[in-house]
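Here are some friendly notes to read alongside the coordinates.

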Amino acid sequence: MDGDALAKAFVEHYYTTFDNNRAGLVNLYQDSSMLTFEGQKIQGAQNIVAKLTSLPFNQCLHSITTVDCQPSSAPNGMLVFVSGNLQLAGEQHALKFSQMFHLLPTPQGSYYVSNDIFRLNYA
């Protein structure tokens, strides 16, 4: 699978899981993984998922506008940059967001999120 196809498959899996079962994202992170969420740094799979599951909304829907990727300097690593809209249940207007993932390969042949940076884009 080429880099663009891998990035798109990852993005579809990540946001489908986020929208339907946030706790299921734990398998995409490791203890060394770091999330920066709106400037707050969180390390470790359990801590990251605890943050994501504690967000003040239960239902949301991500719609992706762009997915850009490029190889990273880490062997077989990949940077994935996503922009899109986040629709919260009961809200009329969607929020715009950007998110960057640094994906690294696992010994089993899949990928995990080493670094994750999320920001809402305010106009």
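This is a predicted model: local features need pLDDT of at least 70, side-chain atom pairs count only at pLDDT 80 or more; totals for chains, interfaces and linings use all residues.

1. Another position in β5 is phenylalanine 101, with valine 80 standing opposite.

2. Next comes the pairing of β5 and β6, which is antiparallel and holds 10 bridges. Methionine 100 stands opposite isoleucine 117 of β6. Is β5 largely enclosed or open? Of its 11 residues, 8 are buried, so β5 is largely enclosed by the rest of the structure.

3. The hairpin turns deserve a look at their backbone angles. Between β4 and β5 there are 6 residues, and glycine 90 in that turn has a positive phi of about 85°. The hairpin of β5 and β6 has 5 residues between the strands, with glycine 109 at a positive phi near 100°.

4. Asparagine 76 has a positive phi of about 60° although it is not a glycine, and it sits in the hairpin of β3 and β4, with 6 residues between the strands. With a relative accessible area of 60%, asparagine 76 is exposed.

5. The other case is glutamate 38, whose phi is near 50°, a positive value in a residue other than glycine. Glutamate 38 belongs to the loop between β1 and β2 (40-43), a hairpin with 2 residues between the strands. Its relative accessibility is 27%, so glutamate 38 counts as partly exposed. The strands on either side, β1 and β2, pair in the antiparallel sense over 4 bridges, and phenylalanine 37 has glutamine 40 of β2 as its bridge partner.

6. Now for helix α1, which covers residues 3-20. The helix has 18 residues and reaches 26 Å from its first C-alpha to its last, close to the 26 Å expected at 1.5 Å a residue. Which residues of α1 are buried? They are Leu6, Ala7, Phe10, Val11, Tyr14, Tyr15, Thr17, Phe18 and Asp19. As a reminder when reading that list, an α-helix has 3.6 residues a turn, so residues three or four places apart point the same way.

7. What do the buried residues of α1 pack against? Their partners are β1 (29-37), α2 (45-53), β3 (60-71), β4 (78-88), β5 (95-105) and β6 (111-121).

8. Leaving aside neighbours within four places in sequence, valine 67 is in contact with Ala7, Lys8, Val11, Val80 and Phe81. Valine 67 and valine 11 are 56 residues apart in sequence, yet 7.9 Å apart in space, C-alpha to C-alpha. With a relative accessible area of 23%, valine 67 is partly exposed; the cut-off for buried is under 20%.

9. Apart from neighbours within four places in sequence, threonine 53 is in contact with Arg22 and Ala23. The relative accessible area of threonine 53 is 41%, so this residue is partly exposed.

10. Finally, the largest pocket. Its volume is about 180 Å³. Sixteen residues line it, of which Phe37, Leu55, Phe57, Leu86 and Phe118 lie nearest its centre. At least two lining residues come from each of α1, β4, β5 and β6, and α1 gives the most, with 3 residues. How does the lining divide by residue type? There are 13 nonpolar, 2 polar and 1 charged.

Technical notes
Residues are numbered from 1 along each chain as its sequence is written. Side-chain values use heavy atoms; hydrogens and water are left out. The expected span of a helix is 1.5 Å times one less than its number of residues. Buried means under 20% relative accessible area, exposed over 50%, partly exposed in between (1.4 Å probe, protein chains only). Contact means heavy atoms within 4.5 Å. Two strands pair if DSSP finds at least two bridges between them. On a 1 Å grid over the protein atoms alone, a cavity is a set of points where a 1.4 Å probe fits but cannot get out, and a pocket is an open set with protein on both sides within 12 Å along at least five of seven lines; lining residues have an atom within 4 Å of a point. Grid points are joined across faces, edges and corners, and a volume is the space filled by probe spheres set on the points. Ala, Val, Leu, Ile, Met, Phe, Trp, Tyr, Cys and Pro count as nonpolar, Asp, Glu, Lys and Arg as charged, and the others, Gly among them, as polar.
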